[in-house]
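My notes follow in the order I made them.

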Amino acid sequence: QVQLVESGGGLVQAGGSLRLSCAASGSIFSIGAMGWYRQAPGKQRELVAGITSGGRTKYADSVKGRFTISRDHAKNTVYLQMNSLKPEDTAVYYCNADIRELVRRGDYWGQGTQVTVSS
């Protein structure tokens, strides 16, 4: 069973930093794109950052210059370095990965990790 496990969320003061990580485990043949989404109360889930298997990245305009996504292929792990955090970054952050197993492929999601930024 493929599973994504997230860590690194928490409570931080505005201007502070957090680093989220998400590790995939299980019967994995390969992993394509990976990304981070977030959902704040009363808002739609939105893409924060994504990274392809080739290392190409994209970011939401609201986080450009502050967040950096990276991945470690050997560890099946994706990271999100979050700097200069703002209260509007408060949300549940979800890891997503396009995972190819031996007999199937599909999108997998982590359980989410809460990020709260105080004023």
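The model is a predicted one.

Entry on Asp-89. I looked up its accessibility and found 1%, so Asp-89 counts as buried. I then looked for a partner and found a salt bridge between the side chains of Asp-89 and Arg-66, at 2.7 Å from N to O. This pair links distant parts of the chain, 23 residues apart: Asp-89 is in the loop between strand E8 (77-82) and E9, while Arg-66 is in the loop between strand E6 (57-59) and strand E7 (67-72). Arg-66 has 11% relative accessibility and therefore counts as buried too.

Entry on the other salt bridges. I counted 6 in the model. One of them joins the side chains of Arg-38 and Glu-46, with 2.8 Å from N to O. Arg-38 is buried at a relative accessible area of 6%, whereas Glu-46 is partly exposed at 33%. I also noted Arg-100 with Asp-98, where the closest N and O atoms are 2.1 Å apart. Arg-100 is partly exposed at 22%, and Asp-98 is buried at 18%. I then checked for shared partners: salt bridges join Arg-38, Glu-46, Arg-66 and Asp-89 into one network.

Entry on Arg-45. Over which rings does the charged end of Arg-45 sit? I found the ring of Tyr-94, with the charged end 3.9 Å from its centre, and the ring of Trp-109, at 5.0 Å from the centre. For pairs between aromatic rings the count is 1.

Entry on Ile-99. I placed Ile-99 in strand E9 (residues 91-100). Its relative accessibility is 0%, so Ile-99 counts as buried. Leaving aside neighbours within four places in sequence, I listed its contacts, among them Val-2, Leu-4, Ala-24, Ile-28 and Ile-31. The list also includes Arg-104, Arg-105 and Tyr-108. As a distance check I took Gly-65, which is 34 residues from Ile-99 in sequence and 28 Å away in space, C-alpha to C-alpha.

Which residues make the nonpolar surface patch of about 430 Å²? I found Phe-29, Leu-102 and Val-103. Phe-29 lies in the loop between strand E3 (18-25) and strand E4 (30-39).

Conventions: Residues numbered from 1 in each chain as written. Predicted model: local features only at pLDDT ≥ 70, side-chain atom pairs only at ≥ 80, totals over all residues. Heavy atoms only, no water. Patch = residues over 30% accessible without salt bridge, like charges linked within 9 Å, V, L, I, M, F, W, Y side chains within 5 Å. Areas by Shrake-Rupley, 256 points an atom, 1.4 Å probe, with all protein chains shown as cover. Salt bridge = Lys/Arg side-chain N within 4 Å of Asp/Glu carboxyl O. Helix = DSSP H or I, 4+ residues; strand = E, 2+ residues; numbered from the N terminus. Buried < 20%, exposed > 50% of the residue type's maximum accessible area, 1.4 Å probe, protein only. Contact = heavy atoms within 4.5 Å. Phe/Tyr/Trp six-rings, centres within 6.5 Å; stacked < 30°, edge-to-face > 60°. Lys NZ or Arg CZ within 6 Å of the ring centre and 35° of its normal.
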